[in-house]
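Dear colleague,

I am passing on the structure we spoke about, and I would be glad if you opened it before reading my notes below.

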Amino acid sequence: MNRKELIEQIRQKRSFLCVGLDTDPRKMPQCIFDLHDPVFEFNKAIIDTTAPYCVAYKPNLAFYEAYGLKGMESFVKTINYLKEKHPHHLIIADAKRGDIGNTSQLYARTFFEEYDVDALTVAPYMGEDSVTPFLQYEGKWVILLALTSNKGSHDFQMTTSLSPEPEYLFEKVLRVSQQWGNADNMMYVVGATQGELFKDVRKVAPHHFLLVPGVGAQGGSLEEVCKYGMNDDCGLLVNSSRGIIYASQDEHFAEIAGNKARELQQQMDEELKKHNL
C-alpha cells in the first residue's frame, strides 16, 4: 500500500486506527480454545469485526515467536487471511529489526518477500547501513523507532547532542534518517504518551506518517496526539491493542472488540473534522 492509497483509505473510512494484534493465549477467552488454531481463530474473529473501522493491523512478532513454529504458523495464516479477505488494510509487522547490513538484508527479505507485509518496524540505532536494506523494496514502508511510549524511552531518546547544534537524540534520528528515505517509504514511531513533544517531532518531520502506540491502556490522549501531531494528510496511524482485542473475555469478545474499534473511529472522525480533513 503506497502513501496515496493509505490517505485514501483514511478519508473513506474516516479513521486512522491501527489494531494491534498482540495475541496472548493467556488473555484470550476460553471459548476459543476448542478450535484447531486458537490464536489464528482469535485474530480472524477480531479482524472481521474491526475491519470496517480501521485502516491497518499490526501483529507484534514477539507474541507469535514465543510459541515457536506453531506461533509463526498462526502469524502467517493471519497475514494470508488479511491479504485474502481484507486487502485494503495496511499490514505492519511489529518486529523492531535492525542489525549490520547483510543481516538487515535477510530480515528485509523475510518480511517483504517471504511474508510480504506492507511495513516493518526497524530500530535505527546501528545507523544508515542497518536501515537502507529495508528501503530497497518498492511499495514497502520502514517504520523507524523515534520517540517511543514506554517509561524508559527518556533514558536515551531524550539525551542531548551539541553537534551541529543542540538537539535531542530522537530529533537527530528524525533529521538524519530523512537522508536515507522519504515520506513515501518511511514512517516514525512516536508514542502517544509523549504529549506536546509531537510539536518537536513535526518541526523536524512535518510530512511523514507517525505510528502512534500508547492510546488507551498506556494512557495516551487521542485528542492531544491529533492537536500536536496531525498534518494536512492526517499523517497519523494510532494503534490500539489491549483496549480493543481484550475488551471482553466471554463468547462475545469479537463483537465487543468491534464496538471498541467503532468508538475510536467515531472519535477519529471528529478529530479529522476539527482539522478540516
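**What was found**

Leaving aside residues up to four places away in sequence, Ser177 touches Leu144, Lys172, Met186 and Tyr188. Please keep in mind throughout that this is a predicted model, and that the values below were computed from it.

Ser177 belongs to helix H7, which covers residues 169-177. With a relative accessibility of 0%, Ser177 counts as buried, because that term applies to anything under 20%.

A second residue to look at is Asn231, which you will find in the loop that runs between helix H9 (222-229) and strand E10 (236-240). Is Asn231 buried or exposed? Its relative accessible area is 13%, and Asn231 is therefore buried, given that the cut-off lies at 20%. The side chain of Asn231 reaches the backbone nitrogen of Asp233 at 3.0 Å, and a polar atom of that side chain also lies 3.2 Å from the backbone nitrogen of Gly235. If residues up to four places away in sequence are again left out, Asn231 touches Arg202, Pro206, His207, His208 and Leu277.

Turning to the chain as a whole, its secondary structure comes to eleven helices and ten strands. The radius of gyration is 18 Å, close to the 19 Å that the globule rule gives for 277 residues, so the chain is as compact as a globular protein of that length. Taken along the principal axes, the C-alpha atoms fill a box of roughly 60 × 45 × 35 Å.

Of the 277 residues, 55% count as buried. Among the contacts between residues at least 6 apart in sequence, 72% join residues that are at least 24 apart.

As for the surface, the chain exposes about 12600 Å², of which carbon and sulfur atoms supply 48%.

Definitions and conventions:
Residues are numbered from 1 along each chain as its sequence is written. This is a predicted model: local features need pLDDT of at least 70, side-chain atom pairs count only at pLDDT 80 or more; totals for chains, interfaces and linings use all residues. Side-chain values use heavy atoms; hydrogens and water are left out. Helices (H or I, at least four residues) and strands (E, at least two) are DSSP runs, numbered from the N terminus. Buried means under 20% relative accessible area, exposed over 50%, partly exposed in between (1.4 Å probe, protein chains only). A polar contact is a pair of N or O atoms within 3.5 Å; within protein, one must be able to donate a hydrogen and the other to accept it, and residues adjacent in sequence count only if both atoms are side-chain atoms. Contact means heavy atoms within 4.5 Å. The radius of gyration is taken over C-alpha atoms; the globule rule is 2.2 Å times the number of residues to the power 0.38. Accessible areas come from the Shrake-Rupley method with a 1.4 Å probe; for residues, only the protein chains shown count as cover.
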